[in-house]
Each structure stands twice: as structure tokens, then as C-alpha cells.
Amino acid sequence: MTSSTQSSTTSLDADPPADVDPPADVDAPVDADAPGGAEQADGASVGFDPDPAASRRLPDGHAGGGARGSGGASASGLGRNPALALAIRSWRQLTSMRTALLLLFLLALAAVPGSLLPQRNINPMRVEQYLSDHQTVGPLLDRLSGFDVFAAPWFAAIYLLLFISLIGCLSSRIRWHARALFTAPPKAPARPGRLPGGSAWESPLPPAEATAAARTALRGRRFRASATATDARRPDGTPDHSVAAEKGYLRETGNLVFHVALVGLLAAVGFGSWFGYSGTTLVVTGDGFANTLISYDQFTGGKLVNTAKLRPFSLTLDRFAATYEPNGEPADFRADVTYAPDLDTPTRQATVRVNHPLVLGDTKVYLIGHGYAPHFVLRDARGRTVWQGNVPCTPRDGMFTSTCTVKIPDAGLPPLGAQRVPQQLAFSGVFTPTTRLDPTHGYVSIYPAARAPGLTITGFVGNLHVDEGIPQNVYTVNTKDMRQLTLSGPAGAGRTAQVLALDNPGQRTLTGLPAGMRLEADSVAEFATFQVKSDPFKGEALLFSVLIILGLIASLRVRRRRVWVRATPAAGGGSTVEIGGLSRSHGDGFAAELGQLTTLVRDATVPVGAGPSTATDVTGTEDGGAATAPRGTQPRAAAADGAASRESEREH
Amino acid sequence: MAVNEGVSSLSDHLFGSGMAVYAAAMLGYAAEFAFSRLGTRGAAAQATDADAAAAEVPAARVGADQPAVLVGVGGAAASEALGGDAVADPDASALAAARAREIEAVRQRDRAAHSLAGGNDGDVQVPVRARWVGRVAVILTVLGWALHLSSVVTRGIAADRVPWGNMYEYSSMICLIAVTTFLGLLTRHNVRWLGVFVMVPVVLYLGFAGTVLYVAPGPLVPALNSYWLKIHVVGAIVSSGVFLVSAVTTLLFLLKERWENRLAEVAAGRAEASRAMQNRGGIVMRLPSSAALDALTYRVIAFAFPIWTFAIIAGAIWAEAAWGRYWGWDPKETWSFITWVCYAAYLHARATAGWRGRRAAAISLVAFTALFVDYYLVNLVITGLHSYAGV
Ligand code: HEM
């Protein structure tokens, strides 16, 4: 991975070549503390490796990109151990930017089937449907984890590789960045004034003082600036008086924060799925539940959840209220509950609404559904209550037409025959909250609120097979060993189906049941479905998400730029001061900034009253001195800008 | 929460007139673009000496025309930049030539940046009348933008809620953001040439939204009624509008890049110049350099990417509040993720040798396609938990 902050040719900036290292005699020091990048290895870069010889001096560490931190030091010993060499090479390969790019692509590609095929974690029913519709491809896809894409081994392989790669390159990038933060910026080139936008002028100060003044000026602009030591020498033996300054380290810091937070987020998601659980439970108004495994209709827990030690809270549903728009669209749901957050804690009141769960530490209770539970009373011939209860019905449509199944295993009827076959009762029906007789569809619901609750119902007697140890779906009834009853009720006598009007005491009782029993549906309660979720690592996930955004903003917004000043002795004890700089991206106002810095440094090195200094334009290689501007210090780029704006004035 | 019929139809009228004004602006940009002539070297020479920039900026095109000469020039510049001493070394001459190319690349990009900042006017000459048409087009765009904005606001008033609850409203907002992005760019750079390329998709898109996707304003379903959702949707819409502009500039980059390569071939004598080239005409020729388009694309994407990231995270927070899980690989989430990964890949590609330029551009288009799938195919074809799915 190229994490290069310096010589890596690129950067994601608008303008890669601006990343050029000073094209003068500073290549070795600059390059040596740069991590280098995969680009150099490919030789495909625009080639801002300032000196190929420099990369030759850093053979494998350079070529491998990010791996230099781990492999750079041992690079010279690579040849001796082929296995080690191979390992190091593949590690470098894995931690290269190119591999990261490829893996990112693979990850995107791998996610696609997860959105096109039905997924078990979202809708298991549709998976079953798909499997029965596609007898040949279905099982094949199933074997390839096509219906559990996001839990598939190949999906995990991709993101784990990506994150190993990320961690690998991060560890070395962090080291380099830390080093960069504590070392001086790369030294000034021979003629900084010749960089684009650079300029030069005469100063009455001797070189050492001029550079000191320049350093102070640059520091004043919050550049990290360091001046060469007084006895420093250029390679040709002349004294070296220069300042190297740099700003914008936050860019790389932000980038690292972003990538580290990415790893952190993955960890939080992973731990969350190991230590979290979720369960759903249905509660009829007036009832409650406690947070134990048996209270749940459905429960899924992470591998490391101790189901015996779920947080022991309990909750009672006092009231459920749903309101609807006139067209039947839902407007608001609310469940008023009384709960005890823990064992032996006083109870409290709360309202749970969609989007507003009840929060109990890292456990949350969500309202995810609701429906109707008519209340049935079974009485014997003498009018004594044999059985009663609320039976939740499964909503089938937006108007809450719901399917009801009433199973009464202990109706008190004697078993039949030598086999002692149980005589049990079952009813199945359709509940309609606002009932209307439709000429073609029979009794239908025209509004979701219970304004005219009705129940179309049929009855059975026989063996429900409930006591045989085989788990049964409470919402369906198997009538294989049952006989349909003929009932008396509001629709008349001797009918198999009756329609009960729950609001009307005269029209809500079925008679003619075996042994003279009668079944009354005397009211309807609402039920709410709650989902209990626990994810102990949610907070961490959120924290890393915030860091991801902050890191991204810093990494994409901050610009890194360098400025160099060099002073060379001039006749008469003064010096010639040159300034120049580079930014990783052009067109972002660096020219203007450099212009300001130039003025600043010039003012610092040409004290007021020192007399007009003669400007030497060392930059006019191409535009024939066009840059010579007032006071002789106008940098070239600024001059060009000025001309450009003049032109746009003319043309507009 | 009754729907105000009067305000609702006002919103529809504003929408229609905004679109009509955009269409007029589009024609204006197109006219300015069509009537502009390319500045030739001859034209540059005509410019008075005082206009130093006029001579300098067209050099970017000269570079494409005559690479060989420029390498020579660059070589000279390079040896000067090296302080003169490197050329003396015979070993260094190959090095100097290599560096010459690098420096020329810097120059080119420098100019690219300039032409981005100062407009490509140095390169293209626009007759005064066409220029006026262009300026009127900008005024029309601002006017259309104001009408469009009022349409969105009145829609919100009519429905008594935030105006981003269904696909018609999203699409309208995305276009509004795309136009805002263009106008925003216009305040900082002279990118009037971009006008026609932004307005064409915007007008088509609005037409699609106003007919196929249109629904009368109504209340939100309870699951949508959360302030995290509002934040999330705003983030998604803003970044999508900006991404739309990046897709446009990417396409223009690809066009221009092909053209430049062809030009280089012609200059090297390996290919015949097409009629359009001989006439110095062709729309592509009038675009800024591919480097400038590339830089612009990067900047636009780099602006939108953190917003998209934020939108996904806000969506996760909302999902956590609404459904009890912050991430569940619902199709909408999956495609947001795919889009995010693709744009991250674009940013990485820009930093990887051999992937810059054309390949990065291809990734940008793939990413935009994923975004499109996320908005439309997921809602219309694949449906998930997101309750507004299915229009
Ligand atoms: C899920 C995986 C990843 C995502 C979403 C991601 C995202 C990003 C983004 C958005 C940037 C742009 C920041 C900028 O322009 O400064 C970036 C830069 C970078 N990423 Fe990643 N990254 C991922 C994985 C990796 C991996 C695995 C590596 C290393 C092997 C890596 C290395 C880098 C480097 C070196 C840069 C800085 C490029 C430069 O400024 O020159 N990334 N990454």
C-alpha cells in the first residue's frame, strides 16, 4: 500500500504530479523517509520518483509498497531464504493498494447476489418459495450460500482479506506518519525559486539571518518549519542556508483515522453479532412477559450469548393504540407499557412507538407489529365457563383482515372408543375489524380500526394431536382427524360457517357445539409484537462511524503543501533569497497562498527602510519575464492568475 | 394532516415552470457552446502582447498537438531546474529526458488547473453575442432554480411534512442539488461550458419524475416519520445530486481523453485527422483538457463521498431505531454499500498507478450505476424493508 505521504507519486489529489519532490539535489533524503509505493514498483507512475538511483538504493522495501515497515530492514537478506522471501513478497502483494482496490471491487461484486436472491436472514419464507419454484438451480445456489450471502464463507474471505490487507498497510503507515510528525520536512532544493510560482529577491540580511527570519515568518503561519544548522553544507561544499516548511499533516492523520476506524467498525460489528441476541414476542393488552428464553416466540442469539443470563427485565402491555388516516394508511402506533428494568426494581411507565424503542441499557424493546386478539369464552350446557382466552389472529392485509385459529384441547369432552381418541375442539375463522358484506368477496374489512368487529368462523371436533410431543404451529390447525361441526348462530341453525358481530351481544355466540356447549366471542383486544434486541457493541460501532466521517473529511479536505526558502550570499554582505513551494494539488488556491507567503517572507527579510531591493526574476524561463511585477516579488503563478482574470474581464 | 390542494397544485405549476426555464437555459448554454470557436495558435498570436496569458494558456492544446516539440522544451526547462549541473553528466541525459517529461506533465496540469480556475476561455473564443446568450442562460438557470426550490418548498407545505417522502420528491430534490452543485461550481470556476451537460440530464430526469414517478402529496407512513430519516435522506439526496454532476464530468473526461489520444496519434503521423479535427470543430474539442475534467471529477466526488458516508451512517442509526438493527443487508442497504465501496474504489484508483485516468473514470461510472440501481431498481424491482419501496 502506498501510504506515501511524500514521494508517492500520487495522492488522491486533483493533481498528482504536484506531488513531485523538489527536482533538485534533495532526492535521497526525501525519498528515504518516504514509504514508497506500489506505483514505483509498477514503473507506471508519471514518475515522480525524483531519482531512479534513489529507488535502487531501497530495493525491495520500495518495490513492495507498504510493506517496507516490515520488510524494509530485512530486504537485503531476502535472497537467502526463499520461503521467507515468498512470504514477504505475498505479504507485500496483499498489502498493496492494487490488491486493496481489487478486493474492494470483489466485495462490491459479492454483495450483488445478496440483493437479487431472497435471503434467509431477511425473509426465510421467500427463500423457501424460491427453492420450490426453482427445483434445479435452487439447491445449487443454496450450496453456494446464495441465500445466506452475507454469512457465506466466500464473502467473509473477501472482507477478511481486505481487512488483513488494511491492517498490514496501516501498521506501517502509522509508523511512517509518526516519524514524519517528528522529523523535519525534506530539505530545500537547490533553487526553490524555480519551482512553479517561486520567486527571488535581494535581501540586506546575511543568509543565516534571512533564513532565520523566513523560518519565523513561516512558523507564524503555522507551518512546521526548520532551518538548516549554521554549519550545514551543500553537496558541493558551499554553506547551506535554507528553510524547509510543511503544513497539512492532518490529511494523513485523517486518512489513518479513517482506515483505523474502519477496522474498528468491523470489529464492533463482529463482536456485536457474537454477543448480541434478538427475540420476538407477542403480548396481548393486559398481559406481559419476562426476558427469558421461553417467553420468546422466536429467538436468535450470537455464539457467545449466555441465554440463561439475559437481562432480567419484565414488561406489561397496558394499552395499545393505533390511529389511521381516513384511507386506512397507518398514522401512529403506540404501546403504553409498565416495566421493571431489572429484578426487584420498582416498575415504571413508558410508551413504545415505532422508531422509539424502550431502552434498557444495551437492550432495546421495539414495537414491530400489532393485530387483534378476540376474546372467546367456552361455556358448558349449564353456563359454567370451561375455557376462555384471547386468541391473537395473524393480520393478512392492510385492513387487518386476520386469520384466527382457536384450539381448545381441554373442552371437557370424553375421549372416544377403545383407543380413547381425544375429543378436542378447534375453530378457524377470519377476523374483520370493520366488517362489511361485499357481494363478491363475502365479509371483508374496509378499515383497520375495530369499528365493527366481525368474525367468520367454522368449528371442528376430533383429535388435534397436541399432546404427542410434536411441536405445532399455533396459527394453523390440522383437521385431518377432525370433523367439521354444524353450528347454530346469527346466520341460523345447522350451518358450517357463522358470522359473529362482536359488538352485538345477540349476535356473537355459537351454539350447537357437542355436549350443548356454546362459544361466545365477546370482545376484542389488541396485541403488540415486540422485538427485544441486545447489541452490547452498538456504542463502539457508532463511535467508529463518527471517526470514519471525521477522518474522511480531514483526509479529503486538508491539503498538504511544502514551502522552501534558500538564501545564498550576495555581494555586499546581503543575500539572495529564493522561495518556492509545492502542493499536492493545484488549483486549490496554493498559488495565492504561496503569493501571500512570499510577501510575508519578503517583508521579513527586507526590513522596512532597507531601501528598495532589486528583484531578480529567476523564474522567467518561459514567459520572458512576464512575471516581473510590482516590487519584483510577484510570483509567477500569481502573475498568470492576474493575467487570466484580466482576460476573463475582457471576455465577459 | 390534511393535504392542501391549492398549495399542492401551486407546487406542480412551479415544478413545470422551473423545468421549462431550465430547458430554456439548456438551449442557451448549448447555443453559446455551439457558437464558440476554438482559439487556434493563429488566434493566440493575434492577441496583443500585453495579454501574456492568452499566449500561455492555449499552449495546453499545443502540447497535445505537438508532443515532440514540447519534450524538447521541457528538457531545456528540466535541465535548468536541475541547476545546470546535471546535464553535464552524460549518464544524466536519459534522466534529464525523463524528467523533462515529468516537468511537462506538471506544466500541463498546471495549465489544466488554470483553465479550471479561470475558465477555458483562453482556449476557446466565444463571440460576444454567444457570450451574452451564455450569461442569459446562467440567469435562467438561477431563475429556474428558484422556481424549482419553491416547488419543493410548497410541496412540503402542501403535505405538511418534509418534501422527501417518495420517489417523485427524491428525484426532484436530486435534480435541485445537481443544479445547485453546478451553480456552486460556477461561483468559483468558469464552468459555463458544463451548463448544457448538466441541464440535459436534469431536464430529462425532471420530465421522468414529473410524469412516471409523480404522486399527489400525502402523509408519511409512520416508519418514515423520524428525524434521523430526514437527516439520512437529506444526506443521500445531496450526495446523489453531486454524484450526478460527477457522472457528467466523467463522461466528458472520457470523451475528451479519447479525442486527445487521437490527436496525439495524428500528430505522430500514426492516424489520419478526422474532418472535425481539420475543421477545428467538434463539441469535444471545446471541452477543457481531460486533465482539468479529471481534476473536476475528483473534486466533485471527494466532496460528495463524505456526505454519502454520512448518509449511510445516519440511515443505520435510523434503522437501529426503527427495526432494531443498524445493518441488515436489506437490498437498499446492500446497494448503498455497493455504491460506497465503488466510490471508495474510485478514490483508491486515483491514487494507484495504472488506474488513474480512464480506469478511474470507468469506476466512477460503475459507482454511479450502482447509485442508480439503489434509487430506482431497488425500489421498483427489488423491494425490501424500506417501506417507501415500490414508489
Ligand atoms: C473497506 C476498505 C477501504 C476503504 C473503504 C477505503 C477508503 C479509502 C478512501 C475513501 C480513501 C481516500 C482518502 C484520501 O483521498 O486521502 C483512502 C485512501 C487510502 N487508502 Fe483506503 N480504504 C479501504 C481499504 C484500504 C486498504 C485495505 C488499504 C491498504 C492496503 C488502503 C489504503 C489507502 C491508502 C494508502 C490511501 C491514501 C491514498 C493517498 O492519499 O495517496 N485502504 N481509502
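**Exercise 1. Work out which arrangement the 6 donor atoms form around the iron atom of the ligand.**

Step 1. Take the angles. The 6 donor atoms subtend 83 to 179° at the iron atom. Donors are N, O and S atoms within 2.8 Å of the metal (3.2 Å for Na, K and Ca); water is not among the atoms, so sites may look incomplete.

Step 2. Apply the rule. Six donors count as octahedral if opposite donors are over 155 degrees apart and all others between 65 and 115. The angles therefore make this arrangement octahedral.

Step 3. Name the protein ligands. H259(A) and H348(B) each coordinate the iron atom through NE2, at 1.9 to 2.0 Å.

Step 4. H259(A) lies in α12 (residues 250–275) of chain A and H348(B) in α15 (residues 331–350) of chain B, so the pair joins two chains. Helices are DSSP runs of H or I, at least four residues, and strands are runs of E, at least two, numbered from the N terminus.

Step 5. Buried means under 20% relative accessible area, exposed over 50%, partly exposed in between (1.4 Å probe, protein chains only).

**Ground rules.** This is a predicted model: local features need pLDDT of at least 70, side-chain atom pairs count only at pLDDT 80 or more, and totals for chains, interfaces and linings use all residues. Residues are numbered from 1 along each chain as its sequence is written, chains are lettered from A and ligands numbered from 1 in the order written, and side-chain values use heavy atoms, without hydrogens and water.

**Exercise 2. Find the buried side of helix α11(A) and its packing partners.**

Step 1. Size the helix. α11(A) runs over residues 207–220, has 14 residues and reaches 20 Å from first C-alpha to last, close to the 20 Å expected. The expected span is 1.5 Å times one less than the number of residues.

Step 2. List the buried residues. They are P207(A), A210(A), T211(A), A213(A), A214(A), A217(A) and L218(A). They cover an arc of only 160° around the axis, so they sit on the same side of α11(A). The arc is that of the directions from the helix axis to the C-beta atoms.

Step 3. T216(A) and G220(A), both exposed, are on the face turned away from the buried side.

Step 4. Find the partners. The buried residues pack against β2 (224–227), β3 (242–247), β25 (561–569), β26 (575–583) and α14 (590–605) of chain A. Contact means heavy atoms within 4.5 Å.

**Exercise 3. Describe the setting of H177(A).**

Step 1. H177(A) is found in α10 (residues 153–182) of chain A.

Step 2. H177(A) has a relative accessible area of 5%, so this residue is buried.

Step 3. Leaving out residues up to four places away in sequence, H177(A) touches Y249(A), E252(A), T253(A) and L256(A).

Notes: Tetrahedral: all angles 85-135°; square planar, octahedral: opposite > 155°, others 65-115°.
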